[in-house]
Amino acid sequence: MTFTSGTSGVRPTSERTRRSFFWEETTEDWQSAQAEGRRPEFSEYAVRALRALRAGAGREAGTDPSIWSVHRVPLPDDGSDRVPDRYVAEHHTLILFGLHQHAASEPVHRPGTGLGTACLLLRRDEAWTEAAVERRLIAAASAQDLHELVQHLQRLVPLLRQAGIGLDYTRLFRELTAWDGPQRNRALRSWGLQYTDPGTPASADAETPGKERAPYWVTFESDSADTSAELAALRSGTGREPGTVAAMWPFHRTRMASEWRNRGSLTRDLAAEHHALTLFARHQQTHDRRMHVTGNSPGTAAGLLAREAIAEGEGKDATVALQRRLGHLLTSVDTDELAMHLRSFVPLLNQAGVGLDYDLLRTALRTWDHPRHPDAAAVLRQRWDRDFHFTVSS
């Protein structure tokens, strides 16, 4: 797993020197008129183009001559029938911008306002409930392809328009371009982190968690009507990249600087919480008693399993087997391997009803191979091994 330094917000030189997109031109013209003391309004050209864009909703990219003039991404002139991905993404972005700008007196292209931030602002608008906004954002984030994503966005954008909330359409264009490729995860993570941003002040140290709400495993209540759905949502993140699972977004408590959230940065805190949440969900299912037990390290938990096996007459072989299982955890070379071994260890605890300290586990997942804490893994190995032998013999 690669943890980012948050520098991906820098645009390549080719993008900085390109011709402005239509939504940028429209915004710049309006702002220029305002700065010059003239009545800020959209030009007749922009008004006609916006009308054509709204009429073009639902049409295939490159097939509507009325909007060809507002495209900035060129079509190939080599006789190829294939429409470039960037052209398709620009087509959809233009249509969404046309729907959003309709009847709005000011530009809706707002640089720096990502989709997650826009939905966060919408959630705070009294006209919409948190559940309604969250459902729409999660539906968009769960889209399997670009076509499905655009369908969800076409239903979401009018809500932003009604609430007077803008959106960074240049950023959205880049996200639509990348949606069917490997960069989708960064877009997803940025949407989730923006949407759950509690408004932390900017900080130079993005890994300083600050004061945060108690994690889900601490506040978990088994008698809640939503328990089964919540645990299922968390289990859906097993083996997936942290921050990219929309169903898990409401359960993240990790704090980081807003600047890093906006970039969709993958930090150790976020990754550790993600792994801990998915493990807890697998551990907690079928149990009414909370499986987060303060003080129960993996070594203690393995010792409790061994002690139970001895009590049932399984003898020394059971102890050796569990000690070997614990050894797999202790010899993990990095966080990813530790999480992998924990995924096979936790089902044993679930079956036996043995709890685990998830606060301790999150700390271990965060620091195991952290370059700033080179001795962390060694300290944890010694402690967990000692816990195992102490528990078995007590």
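By the grid rule used here, the count comes to one cavity of 30 Å³ or more, where a cavity is a set of points on a 1 Å grid over the protein atoms alone at which a 1.4 Å probe fits but cannot get out. The model is predicted, so local features need pLDDT of at least 70 and side-chain atom pairs count only at pLDDT 80 or more, while totals for chains, interfaces and linings use all residues. Residues are numbered from 1 along each chain as its sequence is written, and side-chain values use heavy atoms, with hydrogens and water left out.

- The largest cavity holds about 40 Å³ of space, a volume being the space filled by probe spheres set on grid points that are joined across faces, edges and corners.
- Its lining, meaning residues with an atom within 4 Å of a point, consists of Gly-192, Leu-193, Thr-196, Gly-243, Trp-249, His-252 and Leu-270.
- This lining of the largest cavity divides into three nonpolar, four polar and no charged residues, where Ala, Val, Leu, Ile, Met, Phe, Trp, Tyr, Cys and Pro count as nonpolar, Asp, Glu, Lys and Arg as charged, and the others, Gly among them, as polar.
- The second largest pocket has a volume of about 340 Å³, a pocket being an open set of points with protein on both sides within 12 Å along at least five of seven lines.
- Of the 19 residues that line the second largest pocket, Thr-196, Pro-198, Arg-213, His-252 and Arg-253 are the closest to its centre.
- The lining of the second largest pocket has six nonpolar, three polar and 10 charged residues.

**Helix packing**

- The axes of helix 14 (residues 298-311) and helix 18 (residues 376-393) come within 7 Å and cross at roughly 25°, the axes being lines fitted to C-alpha atoms over the stretch in contact, with angles from 0 to 180 degrees between N-to-C directions.
- Helix 14 and helix 18 are therefore roughly parallel to each other, a word used for angles under 35 degrees.
- By class, the contact of helix 14 with helix 18 has eight nonpolar, four polar and two charged residues, contact meaning heavy atoms within 4.5 Å.
- Helices here are DSSP runs (H or I, at least four residues) numbered from the N terminus, and the axes of helix 2 (residues 22-35) and helix 4 (residues 85-101) come within 10 Å and cross at roughly 40°.
- Phe-22, Trp-23 and Thr-26 of helix 2 meet Glu-90, Thr-93, Leu-94 and Phe-97 of helix 4.

Definitions and conventions:
Helix = DSSP H or I, 4+ residues; strand = E, 2+ residues; numbered from the N terminus. Parallel < 35°, antiparallel > 145°, perpendicular 65-115°, else oblique.
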